Amino acid sequence: MPVPAPQHLYMELYDLFRATAHPPESRHFANAARRTAMRVGLLDPYGTGDDLAAWHEFAQEVGFFVDLLRALQDLGDLEAALEAMSPPWPGAYGRHRDRWQNWCRQARLVGMTPAPDRIVRELYQAGFREILPHLEHTPDGRVKAPVGSRAWVRLELAQAFTERRVRFCPVCGAPFLGRADRETCRSDRCRKAWYRKKKRSK
Ligand SMILES: [Zn+2]
């Protein structure tokens, strides 16, 4: 059953991304995936894509897009951002990076300047491909689409690329949203570490 998460779902998946240093079938990853699923619901309630391998793969996809978002904010250019990212371990993360680097090269060959719009469009398309077959009209005239967290997370990521409100924790690198005076993610450990660091540098 979906439990409303206290923050954007993709941020929960980004937490799980850290656990993908462990293989899909490991106890460490399995426990982390179970905790994430309890917060965000199934990835794909209609299909078969909810085994540990699917969670591992999707967490790495989210890790890739969030890291790319951070690199884009720092460097301002898609090709430079992709170049600066180094896949932390083999798997979906590296495959996504290779794929977008290849796309940039192809775009250059036909005289286009590679821009993140294309990534936004693909994320929306992937999200809506899962959403459209499940549209339902409710008796009170509303339209709903009960889908899993994967479709929703892809829409959230597409939005994160366009709206630029998302910021990144200077301690752990996790994305967060919040007031302008908020400097770190929600973890107490990061908040305290950042405070100590600032105090030391004064
Ligand atoms: Zn943090």
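How many cavities of 30 Å³ or more does the count come to? The count comes to one. A cavity here is a set of points, on a 1 Å grid over the protein atoms alone, where a 1.4 Å probe fits but cannot get out. Points are joined across faces, edges and corners, and the volume is the space filled by probe spheres set on them.

Before you start: this is a predicted model, where local features need pLDDT of at least 70, side-chain atom pairs count only at pLDDT 80 or more, and totals for chains, interfaces and linings use all residues. Residues are numbered from 1 along each chain as its sequence is written, and side-chain values use heavy atoms, with hydrogens and water left out.

**Stop 1: the cavity**

Select H8, Y10, E156, Q159, A160, E163, V166 and L177. These residues line the largest cavity, each with an atom within 4 Å of a point. Its volume is about 50 Å³. Helix α7 gives the largest share of the lining, four residues. By type, the lining divides into four nonpolar, two polar and two charged residues.

**Stop 2**

Next, aromatic pairs. The structure holds eight of them. Rings of Phe, Tyr and Trp (its six-membered ring) pair if their centres lie within 6.5 Å; planes under 30 degrees apart are stacked, over 60 edge-to-face, the rest tilted.

Select F65 and F161. Their pair is edge-to-face, 6.2 Å centre to centre, with 85° between the planes. F65 sits in helix α3 (residues 52-75) and F161 in helix α7 (residues 149-163), so the pair ties together parts 96 residues apart in sequence. Helices are DSSP runs (H or I, at least four residues), numbered from the N terminus.

F65 is buried at 4% relative accessible area, and F161 is buried at 6%. Buried means under 20%, exposed over 50%, partly exposed in between (1.4 Å probe, protein chains only).

**Stop 3: Y124 and F128**

Move to helix α6 (residues 117-131), where Y124 and F128 lie four residues apart, about one turn of the helix. Their rings are stacked: 6.3 Å centre to centre, 20° between the planes. Y124 is partly exposed at 30%, and F128 is partly exposed at 36%.

**Stop 4: R99 and W100**

Finish at R99. It lies over the face of W100, 4.4 Å from the ring centre. The rule asks for NZ of Lys or CZ of Arg within 6 Å of the ring centre and within 35 degrees of the ring normal.

Key. Helices (H or I, at least four residues) and strands (E, at least two) are DSSP runs, numbered from the N terminus. On a 1 Å grid over the protein atoms alone, a cavity is a set of points where a 1.4 Å probe fits but cannot get out, and a pocket is an open set with protein on both sides within 12 Å along at least five of seven lines; lining residues have an atom within 4 Å of a point. Ala, Val, Leu, Ile, Met, Phe, Trp, Tyr, Cys and Pro count as nonpolar, Asp, Glu, Lys and Arg as charged, and the others, Gly among them, as polar.
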